[in-house]
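Have the viewer ready and follow along.

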Amino acid sequence: MEPRLVGPGPYRATRLWNETIELFREGMPLRRHRSLFKNYECCFKASEAVDWLHKLLRCNQNFGPEVTRNQTIQLLKKFLKNHVVEDIKGRWGKEDFEDDSHLYRFPPSSPLKPYPTRPPYRKEVIKFPDWNIPEAGTSQEHIPVRPLMMNSEMWFKRHSIAIGEVPACRLVHRQDLTQANIEERWKSMTLSHLQKVLGLDSLEEVLDTKLVNPKHIIHNVYNVNKQGIVILEDKTKELPHWVLSAMKCLANWPSCSDLKQPTYLGFERDVFKTIADYYGQMKEPLLTFYLFDVFVSVLGLLQKNKKAIEALRVSCLLLPPENRKKLQLLMKMMARISLNKDLPPLCDTAGTRTLMVQAFSRCILCSRDEVDLDELLAAKLVTFLMDNCQEILNVPSSLQTVIEEHVVHLRRVQIKYADADTDTTLPVPSFCRQISTDEFEYQRINGSQEPLAALLEEITMNKEISVKDKKKKLKQFQKSYPEVYKERFPTPESEAVLFPEKNKQKPQLLMWALKKPFQPFQRTRSFRM
């Protein structure tokens, strides 16, 4: 069984746990071992399990080469606790697995985790702004898009320019958008863009959209300084001055303007421990508990670098402003420290980059409920954030532009034709769905050609207009809609039937008219008589 990439979607952590167990059971070499003068079949040493599983995780694209040996040991401890493995005497349930020569074996069947049975988050469909200002707290349920049926009169009004007539019209000013309308637009369009980037049919099973605060999105977009760092209105939520000074000291080492140069050995390690302790005592991770499934889903896109960056940019907009600012400052410090060659080692047993990931991964991402792969998933995400923090933690300008242009469009005036109700001409926009090619062709024919054919027939049968005006309208219709016109009048003969030529009879010559030139002769004759 080859490792496969587990893409974004609901219960991704559970799917990864089950796949890792299956790979471990199928691939871990088993052989005979001797312990205390006794032979044991089909078992393995603890150190052998650490070696094999560590290699597997580093080669698995779901985890990557950043996985440490200590993280592998922690995972094996959870395997022992959950009865994925047991010692040769059948004992399990405790996390006392160590990297030594103790013997372990697989039970007859390792329990795979069932998918959570929690009810899915209630789907919330965001309303388009209602010009009648609906009551607060109302929500719009799933509304199917009804096909638009138009009679010939409506099509005559909408296509009046094509047939040479423009009916009277007037400008209708739309009602001003309220702040609540604008916030709903920002929320719905941001979540729609996130769903598209993640490639999910719905965000329903990875995010409770009711918990998304549109005020946070707008604040994170507009209230920023020149460096893109969020500016908080509530100064009590700022980082303490001493923590901020410590972070600047390590980020700008050895040239730090806030603090005097240290005079004792190990000063930089004490400063780092101070920062790690402050972030470690937070009750909730910076990426929040309710966004855990969203960020775990993003991990399935890391092979597609640009998509993963875009998904993280949008996801980080959903954070409370104080969390986003703390994350911005922390990630910039971590990126600078990991690249600073002048900074003395902060740990004797791990490199600076590995230390950054191990120290801060849990305060950035973890689940409210115990998830066995928390540490590995958090480490992978933090590593990616650290390498791309400059792009990820900036405001997505393309999304901002699209939403701003949409809001401006909603505030524009409408053109309303006389005797036409623009509010009922089109249904209220609700959602889009993909349709088949046959259904598209059916809608294209029924939604456009049939009303046009009815309009053409109405012009043809109208006896109130003169022949000259009728020919003019038909000629303009033929120029605008040649396919519909050709279907109604396939040959010149069928068109000629509409305007039959009248037979002009020549008046008969009267006999007396022929004799008119000879009248003088008759008078002469009468004179002789």
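The lining of the second largest cavity is made up of Phe-63, Glu-66, Val-67, Gln-71, Leu-376, Ala-379 and Lys-380. A cavity here is a set of points on a 1 Å grid over the protein atoms alone where a 1.4 Å probe fits but cannot get out, and a lining residue has an atom within 4 Å of a point. Please keep in mind that this is a predicted model, in which local features need pLDDT of at least 70 and side-chain atom pairs count only at pLDDT 80 or more, while totals for chains, interfaces and linings use all residues. Numbering starts from 1 along each chain as its sequence is written, and side-chain values use heavy atoms, with hydrogens and water left out.

Helix H13 contributes three residues to the lining of the second largest cavity, the most of any contributor. Helices (H or I, at least four residues) and strands (E, at least two) are DSSP runs, numbered from the N terminus.

A search of the whole structure turns up three cavities of 30 Å³ or more. Each volume is the space filled by probe spheres set on the grid points, which are joined across faces, edges and corners. The largest cavity is lined by Gln-71, Gln-74, Leu-75, Lys-78, Asp-372, Leu-373, Asp-374, Glu-375 and Leu-376. Helices H3 (69-81) and H13 (374-387) each supply at least two residues of this lining, and the largest share, four residues, comes from H3.

For the classes, Ala, Val, Leu, Ile, Met, Phe, Trp, Tyr, Cys and Pro count as nonpolar, Asp, Glu, Lys and Arg as charged, and the others, Gly among them, as polar.

| Cavity | Volume | Lining residues by class |
|---|---|---|
| Largest cavity | about 50 Å³ | three nonpolar, two polar and four charged residues |
| Second largest cavity | about 40 Å³ | four nonpolar, one polar and two charged residues |

Now for the strands. S1 (residues 31-35) and S2 (residues 38-45) pair in the antiparallel sense over four bridges; strands pair if DSSP finds at least two bridges between them. Arg-31 has Cys-43 in S2 as its bridge partner. The two strands, S1 and S2, form a hairpin with two residues between them, and Leu-36 in the turn has a positive phi of about 55°.

How many aromatic pairs does the structure hold? There are 14 aromatic pairs. Rings of Phe, Tyr and Trp (its six-membered ring) pair if their centres lie within 6.5 Å, and planes under 30 degrees apart count as stacked, over 60 as edge-to-face and the rest as tilted. Phe-24 and Phe-44 are edge-to-face, because their ring centres are 6.1 Å apart and their planes stand at 70°. This pair links distant parts of the chain, with Phe-24 in helix H1 (residues 12-27) and Phe-44 in strand S2, 20 residues apart. Both Phe-24 and Phe-44 are buried, a word that stands for under 20% relative accessible area, with exposed over 50% and partly exposed in between (1.4 Å probe, protein chains only).

Tyr-279 and Phe-360 also form an edge-to-face pair, since their ring centres lie 6.0 Å apart and their planes are at 90°. Tyr-279 is buried, with a relative accessible area of 0%, and Phe-360 counts as buried at 0% relative accessibility.

Definitions and conventions. 1 Å grid on protein atoms, 1.4 Å probe; cavity = no way out; pocket = protein on both sides within 12 Å on 5 of 7 lines; lining within 4 Å.
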